[in-house]
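I opened the model today to look up a few side chains. My notes follow.

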Amino acid sequence: MTTVNVILGSVREPSMGDRLFQYLQRNQAELEKASNVSLKFLKVSDYQLDPYTEALPPMGTPDYPNGLADNAQRWVEDVSAGDGILLLTPEYDYSVPGALKNAFDYLGSGVSDTPIQTISYSMGSFGGILASMAWLPVFQVLSLVSVPRNLNLRFIQNIFTETGELNPDLEASEQQYYAEKITQTVQNIADYATKLK
């Protein structure tokens, strides 16, 4: 079965993105059924990655990722094993988070031609759209396939509870809107991952 890696890019504790991550986990069965894929959940923070300091970039290193620290090798192999990537990215200072960018610096040819889609988020009114845009050249140099219809969630603190449920204070129509948008986003990356597998 096609596998899509859902990657939480924030390493902050607590993280607003973790609310979205938990929402996806809570609704995993329904999302997998609707999109006909298997979702695998990865947190960058779980890998405890040091700054990438290898002498050569991954694509210029023979037998990569052998020779990396165990946690870094596991990160590269886990991401490379997926058929698609759904990246949950916050926006920091109008750009991408440093820890998440560093994690992507570890990736090599194993992710070439893998479709990737972002759900960006912020506590402000733009929903992390600048982070989504800033990722595009990174995806290009890694030969990732950036798919259309990314989702931008603004005022994320008002959408989800700390335990990953849709905020009960939202109107029923708003809850339905967010649930449908997230489902459509998962279905979109699932379609591309299946077609390009």
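Which backbone oxygen lies 3.2 Å from a polar atom of the side chain of asparagine 5? I found that of valine 79. A polar contact here is a pair of N or O atoms within 3.5 Å; within protein, one must be able to donate a hydrogen and the other to accept it, and residues adjacent in sequence count only if both atoms are side-chain atoms.

This is a predicted model, numbered from 1 along each chain as its sequence is written, with local features needing pLDDT of at least 70 and side-chain atom pairs 80 or more, while totals for chains, interfaces and linings use all residues. Side-chain values use heavy atoms, without hydrogens and water.

I placed asparagine 5 in strand β1, residues 3–8 (strands are DSSP runs of E, at least two residues, and helices of H or I, at least four, numbered from the N terminus). Asparagine 5 is buried at 0% relative accessibility (buried is under 20% relative accessible area, exposed over 50%, partly exposed in between, with a 1.4 Å probe and protein chains only).

Next I looked up aromatic pairs (ring centres of Phe, Tyr or the six-membered ring of Trp within 6.5 Å; planes under 30 degrees apart are stacked, over 60 edge-to-face, the rest tilted). The count is eight. Phenylalanine 104 and phenylalanine 139 have ring centres 6.3 Å apart and planes at 40°, so I logged the pair as tilted. Phenylalanine 104 is in helix α4 and phenylalanine 139 in helix α5, so the pair ties together parts 35 residues apart in sequence. Tryptophan 135 and phenylalanine 139 are stacked, at 5.6 Å and 10°. I noted Phe104, Trp135 and Phe139 as one aromatic cluster.
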